[in-house]
Amino acid sequence: MDMGIAGKWALVCAASKGLGKGCAAALVREGVNVVITARGEPALQATAAELRALNPLVQVLAVAGDIATPEGRAAALAACPQVDILVNNAGGPPPGDFRDWDRDTWLKAIDANMLAPIELIKATVDAMAGRGFGRVLNITSGAVKAPIDTLGLSNGARTGLTGFVAGLARQQRLVSRNVTLNNLLPGAFDTDRLRVTLAGAAAKTGQSVEAVADARKAGTPARRFGSADEFGAYCAFLCSAHAGYITGQNLLIDGGAYPGTF
Ligand code: NAP
């Protein structure tokens with residue numbers, strides 16, 4: 001299927017690894033020019049080189065910086081000639097007990113996982129509407145739908161973003177101009193983030209990392225973790241020319257882990 005987005009420009013945040021990288025790769029395969037960001041320069045440049053090799057016909061620009069800061073966002077936006085597609089992403093907040101979190105801990109999570117995407121949306125959606133095409137995809141978490149006790153910072157900040165997007169995604173001045181906003185909710189995907197979480201759980205319980213990983217897989221109907229490529233393919237479809245009638249949705253991609261009907 002031709003996604004109909006070749007030649008567009010995408011800003012894919014937090015994309016040197018994991019799910020962001022999967023999204024950038026899928027878009028590059030579709031002929032989309034990308035600006036990718038991450039804080040660490042070496043991994044970012046290595047990913048940029050991989051993406052260029054995937055499709056030599058597109059431009060791949062790499063901007064190092066923290067997307068949770070105004071400077072990081074300004075640099076990313078300045079590098080992108082126009083943002084037709086915005087993939088919002090950042091590292092997830094640490095797990096823990098809310099009794100240990102102070103105001104600064106909360107503000108960090110809210111900055112990265114709620115306000116950064118909102119600021120980038122604010123900077124881009126009206127111009128998208130002016131051009132008659134725009135796709136915003138926020139990488140959130142299955143924890144928005146089924147909260148995870150130890151991930152209270154993530155549950156809280158991401159649900160705030162979800163509520164905001166739910167309203168904006170239905171604004172007639174955006175939707176009637178072919179601008180859509182959706183959230184992609186990952187379950188368990190085989191990325192560095194998941195490996196760190198598994199190692200943390202293994203250290204806590206005295207089990208091996210493999211045992212923890214196997215138990216986690218056994219709790220999913222798919223009996224496996226998702227891959228960044230699978231995540232990227234879904235992202236590319238939602239960013240495609242065919243997805244203009246999908247907006248304001250929270251789309252789980254979790255191998256059947258969520259047990260509800262809706
Ligand atoms: P990952 O493999 O650890 O990759 C995170 C990427 O984001 C890296 O490229 C990292 O590079 C970049 N990054 C992190 N913080 C950043 C920041 N402030 N500014 C710019 N770049 C930043 O993580 P992932 O598994 O892809 O997860 C992506 C998001 O999905 C996270 O919010 C995570 O909590 C959420 N999620 C993941 C899963 C899962 O199973 N993997 C499940 C649910 C939710 P630098 O560190 O160099 O900046």
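These legends describe close-up views of a predicted model.

**View 1. Residues around the ligand.** The ligand is surrounded by 26 residues, and the closest of these are S16, L19, A90, F189 and T191. By type, the shell around the ligand holds 11 polar, 9 nonpolar and 6 charged residues.

**View 2. Backbone atoms facing ligand oxygen atoms.** A polar backbone atom of L19 is 2.7 Å from an oxygen atom of the ligand. For G40, a backbone N or O atom lies 2.8 Å from a ligand oxygen atom. A polar backbone atom of A14 is 3.5 Å from an oxygen atom of the ligand. The ligand taken alone exposes 890 Å², of which the protein buries 89%.

**View 3. The largest nonpolar core.** This core has 35 residues, and V12, L27, V34, I36 and I85 touch the most other members. Elements that give two or more residues to the core include strand 1 (9-12), strand 2 (33-38), helix 2 (41-54), strand 4 (85-88) and strand 5 (134-139). Helix 9 (228-238) and strand 7 (250-253) are also among them. Helix 1 gives the most to this core, with 7 residues.

View 4. Leaving aside neighbours within four places in sequence, V34 is in contact with W9, A10, V12, A24, L27, V28, L51, Q59, V60 and L61.

Conventions:
Residues numbered from 1 in each chain as written. Predicted model: local features only at pLDDT ≥ 70, side-chain atom pairs only at ≥ 80, totals over all residues. Heavy atoms only, no water. Near = heavy atom within 4 Å. Polar contact = N/O pair within 3.5 Å; in protein donor to acceptor, adjacent residues only side chain to side chain. Areas by Shrake-Rupley, 256 points an atom, 1.4 Å probe, with all protein chains shown as cover. Nonpolar A, V, L, I, M, F, W, Y, C, P; charged D, E, K, R; others polar. Core = buried A, V, L, I, M, F, W, Y, C linked by side-chain atoms within 4.5 Å. Buried < 20%, exposed > 50% of the residue type's maximum accessible area, 1.4 Å probe, protein only. Helix = DSSP H or I, 4+ residues; strand = E, 2+ residues; numbered from the N terminus. Contact = heavy atoms within 4.5 Å.
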